Amino acid sequence: MGVIDLRSDTVTQPTVRMREAMRDASVGDDVLGDDPTVQKLERLAVDKLGTEAAIFVPSGTMGNLVSAMVHCPRGSEVILGDKAHMFVYEAGGMSAAGGIQPHTIPNQADGTLRLEDIEHAVRAENVHFPRTRLICLENTQNKCGGRVLRPEYCWEVREIADKHALKMHLDGARVYNAAVALGIDVRELAEPFDSVSVCLSKGLSAPVGSVVCGRKDFVYEARRARKLLGGGMRQAGVLAAAGIVALEDMVDRLSEDHANAKELARGLAETGMFSLDAEAVETNIVYFDLAMDKIGADELVAKMAERGVLFLALGPGRFRMVTHCGISAGDVETALDVLGGVAGELQ
């Protein structure tokens, strides 16, 4: 049996067509603005997301940081969820590099922020307070289990933003998963926002990179912020070529990952080892908790790894599995069989 890697959709491998496109890519110096393949990727992103302009960046973390820096002067404040990737997993970049203060409010179980919490978090104009400049949402919401934010909800947040003259940024690392799960065009999810960061190297399987989309004046300033952060790449068309294939080839098949994740969640629930709401799984991410005291989280992960199944322990008794194009329905069945074997040893 080969390794079944459920740690993340970041472990995806570039497809054969991606590798061929990377090999054959026409390139220039992107910092000088003359890499034709990067330009093609950016035009494609604009067409897909329905924005005015786009910029290719090395990572989703940089895409989010660049966006926050453009929207927020130093010393200002961003409203975002306490489970937001930008707050939990991006090394404090908005504070350390951007001089921006995060103002966190609780994410609800479905990934949303309560509208009244957002409203109450907006600072009054007062010399003692930082100025609120930006609201950030995440779709899908990773730490809430890959939950999907509906367009209707995003427009409700937009109303609050407009009321207070705030900008809105979408950490859309997995926004295509959200669009596929809802059966809608990704433009509907991007439209309420001033900027959107889309990861190409998760479920879309490119090896590197994200695109950040928004108005032309925003993207102009984003290029300056990208340069400041060291994200100006030279013959980046070699990487952008894979991103083009990601957007052209890899979106429609995301529904397979969602189906596999739902089957995985149902199987995990049936083992009796874990507590989880299998019906809450909407996309490709499954969080679950250990419901027995016969084995520790790290020990379980180690036992499964010895048997060729990899996944993450995220705390005492807390786990995550993520499906992707490298995981088949058969792999899900095998992983559950292996887990059942470990469960049997603990009886």
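The following legends describe close-up views of a predicted model.

View 1. When neighbours within four places in sequence are left aside, the contacts of Thr12 are Ser201, Lys202, Ser205, His324 and Cys325.

**View 2. The largest pocket and its lining.** The volume of the largest pocket is about 290 Å³. Its lining consists of 16 residues, and those nearest the centre of the pocket are Cys144, Gly145, Asp277, Ala280 and Tyr287. Six residues of this lining are nonpolar, four are polar and six are charged. Domain 1 (16–249) and domain 2 (253–346) each supply at least three residues to the lining of the largest pocket.

**View 3. The largest cavity and the contribution of strand E5.** Two cavities of 30 Å³ or more are present in the structure. The largest cavity has a volume of about 80 Å³ and is lined by 13 residues. Gly81, Ala84, Cys136, Leu137 and Glu138 are the lining residues nearest the centre of this cavity. Strand E5 (residues 132–138) gives the most to the lining, namely three residues. By class, the lining of the largest cavity comprises six nonpolar, five polar and two charged residues.

**View 4. The second largest cavity, lined in part by helix H8 and strand E7.** The space in the second largest cavity amounts to about 40 Å³. The residues that line this cavity are Ala173, Arg174, Val175, Tyr176, Asn177, Val198, Cys199, Lys202, Gly203 and Leu204. Helix H8 (175–182) and strand E7 (195–199) are the elements that give two or more residues to this lining. The largest share, three residues, comes from H8. The lining of the second largest cavity divides by class into six nonpolar, two polar and two charged residues.

How values were computed
Residues are numbered from 1 along each chain as its sequence is written. This is a predicted model: local features need pLDDT of at least 70, side-chain atom pairs count only at pLDDT 80 or more; totals for chains, interfaces and linings use all residues. Side-chain values use heavy atoms; hydrogens and water are left out. Contact means heavy atoms within 4.5 Å. On a 1 Å grid over the protein atoms alone, a cavity is a set of points where a 1.4 Å probe fits but cannot get out, and a pocket is an open set with protein on both sides within 12 Å along at least five of seven lines; lining residues have an atom within 4 Å of a point. Grid points are joined across faces, edges and corners, and a volume is the space filled by probe spheres set on the points. Ala, Val, Leu, Ile, Met, Phe, Trp, Tyr, Cys and Pro count as nonpolar, Asp, Glu, Lys and Arg as charged, and the others, Gly among them, as polar. Domain bounds come from an automatic or database domain assignment. Helices (H or I, at least four residues) and strands (E, at least two) are DSSP runs, numbered from the N terminus.
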